[in-house]
Amino acid sequence: MTVSGGMLHVETAGDGQIVDLTEAVRSVVRTTGAERGVAIVFARGSTVAVTTMEYEPGTVADLTALLERLVPRSPDEGVWEHNALNGDSNAHAHARAALIGPSVSVPIVEGELLLGTWQQVVLLDFDDRPRQREVTVQVLV
Amino acid sequence: MTVSGGMLHVETAGDGQIVDLTEAVRSVVRTTGAERGVAIVFARGSTVAVTTMEYEPGTVADLTALLERLVPRSPDEGVWEHNALNGDSNAHAHARAALIGPSVSVPIVEGELLLGTWQQVVLLDFDDRPRQREVTVQVLV
Amino acid sequence: MTVSGGMLHVETAGDGQIVDLTEAVRSVVRTTGAERGVAIVFARGSTVAVTTMEYEPGTVADLTALLERLVPRSPDEGVWEHNALNGDSNAHAHARAALIGPSVSVPIVEGELLLGTWQQVVLLDFDDRPRQREVTVQVLV
């Protein structure tokens, strides 16, 4: 049995909130005692994504504004079919999450995540309401 | 030897068709008997991608329309260089696939894929003609 | 101990340069002697990304132009907050890297990367200056 890990429970405000998961992922890695391997971080749900970025107010604001421009909550023309067909309001969240994807894999070397100095593991909750999210961290050694 | 898995053969219509792979991935996972681990799903080819999304007609239509708007088959201005240089017609497919990426990693807990209720593993075939695709599912435990 | 692998050191010109990593990743895989498994390729840093694509002049030019259009270095309106707040000039690089993501997982079957014929593993360095990049290749078997 070489997989170990944990489940993170993350409360978010939704609406595109970006949450820095790095310390929590690091804690799971330390708990496993893994010296060398990979931490696979996966967010459950179809309106949430995981990636890495420098987590600071500027980049957070930039990515938020960029996604609102590229994948707007309310399209300038046409409609979101998901909303029209299902009486829903989070179609933009589904599209953003599918583009960015739910998982990222981070190497572990000498017991530490091998991230860059300004590189954090983040969750992006695109849903249009507060959510309780489950993030799985699995450590493969 | 802790890697096992299988190869899925998927016939697509191309042209952006989105195919739900979830049941097929689940079958591979069950075949391996893995109780805890990660299923890594990878699509072979440079005009095909893998991600997760809620697979329903609305989100499928929305993602299709979004990609046509952001990465159009025929640009409003300029040309796709891949098409111009190679006498080809699927440059948009290459760009879309590179953006979304070819792989996704899904946790396995208690023998089941730990997807959200409305979260499916999907293949997006962006090529402009029908294709036979190979998708590898590898289970790491 | 089932993880082995290596670190690639890649000098780039930055400014969106796309570097084909395939042969280097293949070398690491051969060094490990892995017959079946997964190679996880991860780029360190918050202005660099990894994906797969057909690496040829047309697709490279197309992806470069597409990203400049979708995530421009200088926005038509507004500002990049990262640049404004930090006196920096690479906000676009941060946003592009977060969108594409830092990692990709490629299957290994019979000792070889199971890529498509026209599918290469590439690094995209979006920073606005030359960089020395570290890319980790970890082989899980």
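Two residues are taken to be in contact if their C-beta atoms, placed from the backbone, lie within 7 Å. The structure is a predicted model, in which local features need pLDDT of at least 70 and side-chain atom pairs count only at pLDDT 80 or more, while totals for chains, interfaces and linings use all residues. Residues are numbered from 1 along each chain as its sequence is written, and chains are lettered from A and ligands numbered from 1 in the order in which they are written.

The relation between the chains was examined first. Two copies of a chain are related by a rotation about an axis and a shift along it.

The interface between chains B and C brings 27 residues of chain B into contact with 29 residues of chain C. Helices (H or I, at least four residues) and strands (E, at least two) are DSSP runs numbered from the N terminus. On the chain B side, at least two residues each are supplied by strand E3 (36–43), helix H3 (81–86), helix H4 (91–100), strand E5 (103–109) and strand E8 (131–140). This side has 14 nonpolar, eleven polar and two charged residues, where Ala, Val, Leu, Ile, Met, Phe, Trp, Tyr, Cys and Pro count as nonpolar, Asp, Glu, Lys and Arg as charged, and the others, Gly among them, as polar. Only 19% of the interface residues of chain B are also interface residues in chain C, so the copies meet through different surfaces.

The contact between chains B and A takes 29 residues from chain B and 27 residues from chain A. The elements of chain B that give two or more residues to this side are E3, strand E4 (48–53), helix H2 (57–70) and E5. H2(B) provides the largest share, eight residues. By class, the side of chain B that touches chain A divides into 16 nonpolar, ten polar and three charged residues.

Two strands pair if DSSP finds at least two bridges between them. E4(B) pairs with strand E7 (residues 120–125) of chain B in the antiparallel sense over six bridges, and B:Leu124 in E7(B) is the bridge partner of B:Ala49.

In chain A, an open sheet of three strands has the order E2-E7-E4 with antiparallel pairing. Its edge strands, each pairing on one side only, are strand E2 (17–20) and strand E4 (48–53). Six bridges join E4(A) to strand E7 (residues 120–125) of chain A, and A:Asp125 in E7(A) is the bridge partner of A:Val48.

Helix H4 (residues 91–100) of chain A is mostly covered, with ten of its ten residues buried. Just after H4(A), A:Gly101 takes a positive phi of about 95°. A:Pro102 is found in the loop between H4 and strand E5 (103–109) of chain A. A:Pro102 is buried, with 29 other C-beta atoms within 10 Å. Leaving aside neighbours within four places in sequence, the contacts of A:Pro102 include A:Phe42 and A:Val50 as well as B:Thr52 and B:Val104.

A nonpolar core is a set of buried Ala, Val, Leu, Ile, Met, Phe, Trp, Tyr and Cys residues joined through C-beta atoms within 7 Å. The largest such core has 129 residues, and those with the most contacts inside it are A:Ala39, A:Val41, B:Ala39, B:Val41, C:Ala39 and C:Val41. Not counting residues up to four places away in sequence, A:Val41 touches several residues, among them A:Leu21, A:Val50, A:Val106 and A:Val137.

Definitions and conventions. Buried ≥ 20, exposed ≤ 12 C-beta atoms within 10 Å, placed from the backbone.
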